[in-house]
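Let us walk through how this structure is held together inside. Keep the sequence beside you as you read.

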Amino acid sequence: GLNFIDLMVRQGNIDNPPKTPLVPGFECSGIVEALGDSVKGFEIGDRVMAFVNYNAWAEVVCTPAEFVYKIPDDMNFSEAAAFPMNFVTAYMMLFEVANLREGMSVLVHSAGGGVGQAVAQLCSTIPNVTVFGTASSFKHEAIKNSVTHLFDRNADYVQEVKRISADGVDIVLDCLCGENTGKGLSLLKPLGTYILYGSSNMVTGETKSFFSFAKSWWQVEKVNPIKLYEENKVIAGFSLLNLLFKQNRGGLIKGVMDKLLNLYNSKKIKPVVDSLWALEEVKEAMQRIHDRGNIGKLILDVEKAPTPLMANDSTETSEAGEEEEDHEGDNENKERMPFIQ
């Protein structure tokens, strides 16, 4: 699976980035080839998906058995590689952190991405949950049925949400950071929960721009604890990778995976795969995520041969190496990459 965190790792926008050379990637699917001496519950030949602390983008992967889960019979390998990060993140934020219940409302950014689509599907399993989503305008037609109210990511979504729900929302899921932090907190109802689970606005162009990085953090509203107390608001953070690999909560995650697989088997959720890419095409695949061109998850397929690029293909960024905001609605630009549904 290819995730936005992989772009952040590549640009060094994380705490304690690993030293190179390294193999990136945090999730994968495949067939069990060998077992440790004390491993129980798995056999050679089992179809599995797994979390990996780096090294997932490889033909052979080794990871502790507690991070490995059997794939349901009717789930293919691409769906399995798209499942763990997105759905566990979405489930944990909605149900473990924010305590989503019937009749609540949720605002999710990047509604067309892997986590955004997982959030929308999980919200649909609870009665009368209203989902507000932001996404690039060219994605709206494809995802309009997955959320209740959909806004352009560059529009003034705060006013749009308040026009529909004057009191705001119960849950804000923010993967953008920057100026959106203050906006998200302003939209929270009393007893509402704001969850920061990423900072994708800090990923700039092909090269890391310190000024863009600093600008994003400078725009983060400084949270006053007294104000939180007076307004009865909750602010939280969520990092699945830290929970797994630094805080030893593999048992908790296994319980969540069991619940998610039950939902999958009952056909209430299904991972959305945007496209498949050969390992040789990783640069172009990462560019598609960088440009917010994907709807659902991008998958690196070790058995796929590279696809010849279209004549008008280009992975150039602006001269400053920074992401250009005004190209979000550029339909032609986003569909330039060859991909397979």
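Start with Phe26, which counts as buried because its relative accessibility is 2%. Buried means under 20% relative accessible area, with a 1.4 Å probe and protein chains only. The model is predicted: local features need pLDDT of at least 70, side-chain atom pairs count only at pLDDT 80 or more, and totals for chains, interfaces and linings use all residues. Residues are numbered from 1 along each chain as its sequence is written, and side-chain values use heavy atoms, leaving out hydrogens and water.

Seven aromatic pairs turn up in a search of the whole structure. Rings of Phe, Tyr and Trp (its six-membered ring) pair if their centres lie within 6.5 Å; planes under 30 degrees apart are stacked, over 60 edge-to-face, and the rest tilted. Phe26 and Tyr54 have ring centres 4.6 Å apart and planes at 50°, so this pair is tilted. Tyr54, at 17% relative accessibility, also counts as buried.

Tyr91 is buried, at 10% relative accessible area, and Phe95 is buried at 19%.

Now look at the largest nonpolar core, which has 58 residues. Such a core is a set of buried Ala, Val, Leu, Ile, Met, Phe, Trp, Tyr and Cys residues joined through side-chain atoms within 4.5 Å. Phe83 and Leu260 are among the residues with the most contacts inside this core. Leu260 touches Tyr91 and Phe83, among others, not counting residues up to four places away in sequence; contact means heavy atoms within 4.5 Å.

Technical notes. Buried < 20%, exposed > 50% of the residue type's maximum accessible area, 1.4 Å probe, protein only.
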